[in-house]
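The following exercises concern the architecture of a protein chain.

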Amino acid sequence: MKITRINCYNFRNISKLDLKPAAGLNIFVGSNAQGKSNFLEAIYMFVAGRSYRTNRSSEVISFSQDKTEVHIELNKRESNFSLYLCIDENSKSLTIDGINRKKVADLLGYLNIVSFFPKDLVLISGGPKQRREFIDLEISQVIPGYYQICQQYQRLLKQRNMLLKNAWQHSFSDNILTTFNDQLIDLGSQIVMRRLETLYKLSMLAKLAHRQITDAEDNLTMNYNSEIGIADDITQVYKLNREAVEDLLSKRLQAVKEKEKERRVTLAGPHLDDIGFLINGHDVKRFGSQGQQRSTVLSLKLAELQYMRSETGEMPILLLDDVLSELDRKRQTLLLETAAGHTQTFVATTDISLLADSIIKRASIYQVKGGVFFQQQDL
Ligand SMILES: Nc1ncnc2c1ncn2[C@@H]1O[C@H](COP(=O)(O)OP(=O)(O)OP(=O)(O)O)[C@@H](O)[C@H]1O
Ligand SMILES: [Mg+2]
């Protein structure tokens with residue numbers, strides 16, 4: 001999968017850009033605050049129509065402008081696609097191959113991206129929400145319909161919580177809760193099943209990558225932590241069938257019934273689950289060094305590349321923002337070598353000398369200054 005052309009208008013500090021990236025490695029060099037991350041953010045917008053930096057889409061519109069437009073031409077499985085996003089103060093519109101789409105979520109599956117940003121360390125150090133969002137977006141990129149299931153689940157959860165919250169005002173019969181529970185079990189078990197299946201594959205790939213990174217010293221494993229009573233070890237549970245998960249979820253809902261009425265909130269379901277990362281059996285979040293946390297995220301990213309390739313039959317696009325300075329030469333080279341040849345890669349850096357000569361030699365290099373991009377040979 002390759003982006004063959006990208007146009008941006010009034011996207012943050014990029015007022016106008018028309019760029020035809022190389023099929024391989026593209027490096028964007030510039031001092032701080034010039035627009036490198038803004039450019040990567042513009043590409044990332046095409047994963048699900050959302051920024052990774054803000055929940056308020058209108059923030060990406062250049063100051064004192066009223067709308068932004070980003071247009072991408074994509075070559076995928078020997079076909080060309082044209083994706084266009086327009087964002088104004090109140091709305092977003094999406095056009096795919098010239099046809100207006102009602103839902104921005106229709107974008108999912110067109111542009112598959114693996115991104116590695118400095119903030120990704122929160123995947124380890126942050127709270128469970130970040131890890132759930134990570135796995136759900138990963139699945140949404142490759143499994144059609146999964147994103148919609150998550151949205152339906154969130155809507156249901158909101159309604160169920162409202163019901164519990166207002167229970168003291170309007171006494172409701174257990175029948176209403178049972179109807180909600182049936183839907184929660186149906187949607188919730190689909191989410192859990194997909195997460196287990198995906199985590200199992202990712203964990204196997206991440207384990208291999210981690211061995212390579214650490215010269216087989218560290219054994220990286222991943223867990224799925226759920227209150228519904230699934231055994232944590234992902235290698236043991238991936239074969240659980242849907243009925244078994246439904247049964248566990250149903251039993252958990254029964255068990256928390258009284259507590260839910262007391263606390264007035266839903267206390268069972270995949271919205272409470274978490275992913276654990278362990279090195280040699282110890283939780284990386286609690287016991288891992290900074291370096292081990294960084295290596296864990298890197299292994300996960302390398303695993304994502306292979307996972308998406310095996311699920312979609314094509315290498316995704318790789319975005320690397322400022323992370324190369326965080327990796328030593330060996331890890332940097334491993335990452336770029338894994339990507340080299342078959343992955344279109346966009347790298348943002350303030351200091352190109354951090355990169356190995358062998359990597360610079362085969363890259364297209366752009367200087368970024370004040371939101372303007374100059375290709376190296378144009379200088
Ligand atoms: N909506 C916006 N309109 C105009 N400019 C914006 C907007 N949002 C952010 N900026 C500006 O964009 C500039 C560049 O930001 P960006 O994050 O791309 O920098 P960068 O080149 O990645 O720098 P660094 O090396 O520090 O990460 C900043 O000066 C910021 O103030
Ligand atoms: Mg930046």
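**Exercise 1.** Is the crossing of α5 and α10 right-handed or left-handed? Determine also how the two helices are oriented and which residues meet.

*Solution.* The model is a predicted one.
- Step 1: locate the helices. Helix α5 covers residues 174-213 and helix α10 covers residues 290-312.
- Step 2: take the geometry. The axes of α5 and α10 are 8 Å apart, and the packing angle is about 125°.
- Step 3: assign the hand. The crossing of α5 and α10 is right-handed.
- Step 4: list the contacts. From α5 come K201, L202, L205, A206, A209, H210 and I213, which meet S295, L298, S299, L300, L302, A303, E304, Q306 and Y307 of α10.
- Step 5: sort them by class. The contact of α5 with α10 comprises 10 nonpolar, four polar and two charged residues.

**Exercise 2.** Describe how α4 packs on α5, including the hand of the crossing.

*Solution.* 
- Step 1: helix α4 spans residues 146-165, and its axis lies 10 Å from that of α5 at an angle of about 150°.
- Step 2: the crossing of α4 and α5 is left-handed.
- Step 3: on the α4 side the contact is made by Y146, I149, C150, Q152, Y153, L156, R160 and L163, and on the α5 side by I176, F180, Q183, L184, L187, G188, Q190, I191 and R194.
- Step 4: by class, the contact of α4 with α5 has 11 nonpolar residues, four polar and two charged.

**Exercise 3.** At roughly what angle do the axes of α3 and α5 cross?

*Solution.* 
- Step 1: the axis of helix α3 (residues 128-142) comes within 10 Å of the axis of α5, and the two cross at roughly 90°.
- Step 2: this angle makes α3 roughly perpendicular to α5.
- Step 3: I135, E138 and I139 of α3 meet R194, R195, T198 and L199 of α5.
- Step 4: the residues of the contact of α3 with α5 divide into three nonpolar, one polar and three charged.

**Exercise 4.** Which helix gives the most to the side of domain 1 that touches domain 2?

*Solution.* 
- Step 1: the domain assignment places 1-112 + 314-379 in domain 1 and 119-312 in domain 2.
- Step 2: the C-alpha centres of the two domains lie 29 Å apart.
- Step 3: in the contact, 18 residues of domain 1 are paired with 14 residues of domain 2.
- Step 4: α1 (36-48) and α11 (329-339) each supply at least two residues of the domain 1 side.
- Step 5: α11 gives the most, with five residues.
- Step 6: by class, the domain 1 side has 11 nonpolar, four polar and three charged residues.

**Exercise 5.** Why does the radius of gyration of the chain agree with that of a compact globule?

*Solution.* 
- Step 1: for 379 residues, a compact globule would have a radius of gyration near 21 Å.
- Step 2: the chain has 22 Å, which agrees.
- Step 3: for the overall extent, the C-alpha trace spans about 70 × 55 × 35 Å along its principal axes.
- Step 4: the secondary structure of the chain comes to 12 helices and 15 strands.

Conventions: Residues numbered from 1 in each chain as written. Chains lettered and ligands numbered in written order. Predicted model: local features only at pLDDT ≥ 70, side-chain atom pairs only at ≥ 80, totals over all residues. Axes fitted to C-alpha atoms, helices over the stretch in contact; angles between N-to-C directions. Helix = DSSP H or I, 4+ residues; strand = E, 2+ residues; numbered from the N terminus. Left-handed = near helix turned anticlockwise from the far one by under 90°. Contact = placed C-beta atoms within 7 Å. Nonpolar A, V, L, I, M, F, W, Y, C, P; charged D, E, K, R; others polar. Domains from an automatic or database assignment. Rg over C-alpha atoms; globule rule 2.2 N^0.38 Å. Parallel < 35°, antiparallel > 145°, perpendicular 65-115°, else oblique.
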